[in-house]
Amino acid sequence: MTSKMRVMTERPRNAETPVERLRSWITANDVFFDRNQGQIPETLVSLEEYRLNVEGEVKKTLGLSFDQILQMPKEIVSNTLECSGNGRSLLETKAPGNPWTIGGVGNAVYGGIWLRDLLDLAGLTEKSRHVAFEGMDKGLGRSGITFIRSIPIEKAMSSTLLAYEMNGEPLPIKHGFPLRCLALGWTGANCVKWLHRINVLEKPYEGFFMDKVYRVFQKGQDPKEGEVVTGLSLKSMITQPLSEEELTPGKITILGAAYAGEERIERVEVSTDGGGSWNTADFLGPDESYSWRQWQYIWEVSEPGEYRIMARATDREGRQQPMNASWNVQGYGNNGVHEHAIRIRVNPMGG
Ligand SMILES: Nc1nc2c(c(=O)[nH]1)N[C@H]1C(S)=C(S)[C@@H](COP(=O)(O)O)O[C@H]1N2
Ligand SMILES: [Mo]
């Protein structure tokens, strides 16, 4: 398939996966969404010269070569990565930022090492409460701010991978070569690419990408008072048919994906009558922690007309996806059922 990515900005590069390429459990590297605050490094860093520095509130600072990283126990995990702003353009009340539709998300199988193994090597103290990650990419524009984000030590020790492989290939340059952080089940902003420095801190890191953005806040509120984005919100999306598609009566295959970050998906239901009735969809493919579930529902339709199709996910804790997204200034975490509905037309046979 050759469908092209939908490029929103070229400098920095921000592009979403075409909807048709979201129909398989694994999202191919060449169409995996790109989200960048700065300039993607233009040349591959030399693996001989590369060092990963671990410093700050640790017993022993480390400067690991890439070879030393490769010698540590390797883990393979799958993870659904989503940008906090995904779905923003579908909000009824607009929010500024990249106009993502549904393609600011993807699922991949990553190979790497557990951050916990590295932090155990460095040794933690009572002051080791947060872990900051610094990327090697250069900021764009006047500010030229380096991309640095921190996560709490609990997440760092329980379920954070440092990945050097993506879908069986070395991590592509766009996705963070040679090493990136993956706070499994958390939004992309917590997953620093081109990682070269880990700083263990007593308090959360303070800086532009921690305090001004990636927080959920309302108009008139100081961004810093808002909550930092963490786990992905419970959500389902429809990947087939495409919105505005013209179809004919008969069996129509509705496809989609549902995900819940650190939680697991229990059920997906589809409504074709405006929410009057809901039909349980069948799951397809793998059922892995931190990864989406692909689903399908075969819809028999005989009456021509305009239809609105909605999908609604429920997680294993019994929580249901909200019918409407809760708005915030940055338009983060849009997981509304209504916002993700599609509209199609069923034309008369031979019409
Ligand atoms: N160094 C660095 N890491 C980064 C970013 C960045 O701009 N610089 N963007 C973050 C954001 S907001 C997202 S959504 C993900 C996107 O990862 P991808 O481009 O591999 O899909 O990377 C995150 N890690
Ligand atoms: Mo993001």
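A polar contact is a pair of N or O atoms within 3.5 Å. In this predicted model, histidine 175 has a polar side-chain atom 2.6 Å from an oxygen atom of ligand 1, which means that the pair falls within the 3.5 Å limit.

**Ligand 1 and its surroundings**

Two further side chains, those of aspartate 137 and lysine 193, also place a polar atom by ligand 1.

| Residue | Atom of ligand 1 | Distance |
|---|---|---|
| Aspartate 137 | nitrogen | 2.7 Å |
| Histidine 175 | oxygen | 2.6 Å |
| Lysine 193 | oxygen | 2.5 Å |

On its own, ligand 1 has 530 Å² of accessible area, and the protein covers 100% of it. The space that ligand 1 takes up is the largest cavity.

**Cysteines**

How many disulfides does a search of the whole structure find? The search finds zero. Cysteine 191 is in no disulfide, and the nearest cysteine sulfur, which belongs to cysteine 181, is 5.5 Å away.

Is cysteine 191 buried or exposed? Cysteine 191 counts as buried because its relative accessibility is 3%, and the cut-off for buried is under 20%. Cysteine 83, at 7% relative accessibility, also counts as buried.

Key: Residues are numbered from 1 along each chain as its sequence is written. Chains are lettered from A and ligands numbered from 1 in the order in which they are written. This is a predicted model: local features need pLDDT of at least 70, side-chain atom pairs count only at pLDDT 80 or more; totals for chains, interfaces and linings use all residues. Side-chain values use heavy atoms; hydrogens and water are left out. A polar contact is a pair of N or O atoms within 3.5 Å; within protein, one must be able to donate a hydrogen and the other to accept it, and residues adjacent in sequence count only if both atoms are side-chain atoms. Accessible areas come from the Shrake-Rupley method with a 1.4 Å probe; for residues, only the protein chains shown count as cover. On a 1 Å grid over the protein atoms alone, a cavity is a set of points where a 1.4 Å probe fits but cannot get out, and a pocket is an open set with protein on both sides within 12 Å along at least five of seven lines; lining residues have an atom within 4 Å of a point. A molecule sits in a cavity or pocket if more than half of its atoms lie within 2 Å of its grid points. A disulfide is a pair of cysteine sulfur atoms within 2.5 Å. Buried means under 20% relative accessible area, exposed over 50%, partly exposed in between (1.4 Å probe, protein chains only).
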